[in-house]
Every structure is written in structure tokens, then in C-alpha cells.
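Please report on the fold, the sheet pairing and the pocket of the chain shown here.

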Amino acid sequence: MVETCSTIVVGKERLYITTDDDIVAYDLGTGKTVFKFDSIPGRRMYPLRMSGGELIAYRESGNLSPAAVVSLDPLSRKETLLLLIGGTLDLVDVGDPTEDDIICEHGRIYFATEALYGPSDKGEVGEETTVAIGYESVALSRR
């Protein structure tokens, strides 16, 4: 099941799609499943972009584990941690790849809401909404 177009990344030879549990790689020439990157139970992963031959993915937070950006190597199937996301900033308003835009470039990851709503027709000011959050990592800037 594909939830949004933001859960799809195309590489030179493969298409990567988030499924209910994993990221599945399909061969672009045959359309057949080649392999999958298994997610940690309860922590879905979403492909963000390619970096050379590796797939950069966002992994959701768990009960006691922060969200993370990881590099996935299609050849070895190994995962490399690039960035842990957590701390004092709250990702309740942003950080859901099925509802937000996520961009990962030059050592930074940005989460931005896809839609904003103005005050109601009565002129009341609504709740504060987080529009975007960004994180930076030295490890990501090398990619």
C-alpha cells in the first residue's frame, strides 16, 4: 500500500516504496521486487532521496527511541545512522512523512507542514501551529 507520492524514491536501477512495514525495492526494468529493507517493529521507514548509490531514509521514533535519518546500502543491505532527531523540539505538529514535506539536503533535514489554515471567519485566532522544523548534522553534510 502506498500512502502518498512522498513515500517513493527512484534511483538509477530501482524504485523504493514504503509499505506497511518496510521499504521495498523494485527493479525498474522488470517491475519485480528485488529486496526490502526491514524496519524496526513499530518504527516505519520512509525513503527521502538517493545519495550516490545509497538510499537516505527517515525512521519514525519509538517509545524510547528518537526518530532518525539513516543511509541504506542496497548492495550490502546495511543501515548507517546519520542523524538522531529528538531533544527539546516537539515533532507532534511536523515529522509525519505521510502528511508533511521532508527535505534532506547538505547535512540538514527539514519538516514542513503541507497546509496552513488562517483564522476562522469570525476573526478568531487559532492555535499556534509549527510550520517547519530543521535539524543539522555534520555526518549528513558529507553526503
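What share of the contacts in the chain with a separation of 6 or more comes from residues 24 or more positions apart? Such residues account for 38% of those contacts, where contact means heavy atoms within 4.5 Å.

## Basis of the model

This is a predicted model, in which local features need pLDDT of at least 70 and side-chain atom pairs count only at pLDDT 80 or more, whereas totals for chains, interfaces and linings use all residues. Residues are numbered from 1 along each chain as its sequence is written, and side-chain values use heavy atoms, with hydrogens and water left out.

## Overall fold

The chain has 11 strands and one helix, these being DSSP runs of E with at least two residues and of H or I with at least four, numbered from the N terminus. Read from the N terminus, the order of elements is β-β-β-β-β-β-β-β-β-β-β-α.

Of the 143 residues, 38% count as buried, that is, under 20% relative accessible area with a 1.4 Å probe and protein chains only.

## The four-stranded sheet

An open antiparallel sheet is formed by four strands in the order β1-β2-β3-β4, pairing being assigned if DSSP finds at least two bridges between two strands. Because β1 (8-10) and β4 (33-38) stand at the edges with a single partner strand each, one side of each is left without a neighbour in the sheet.

Strand β2 (residues 14-18) is joined to the antiparallel strand β3 (residues 22-27) by five bridges, and Arg14 has Asp27 in β3 as its bridge partner.

## Residues of the pocket

The lining of the second largest pocket includes Arg14, Tyr16, Met50 and Asp73; a pocket here is an open set of points on a 1 Å grid over the protein atoms alone, where a 1.4 Å probe fits, with protein on both sides within 12 Å along at least five of seven lines, and lining residues have an atom within 4 Å of a point.

Note on methods. Buried means under 20% relative accessible area, exposed over 50%, partly exposed in between (1.4 Å probe, protein chains only).
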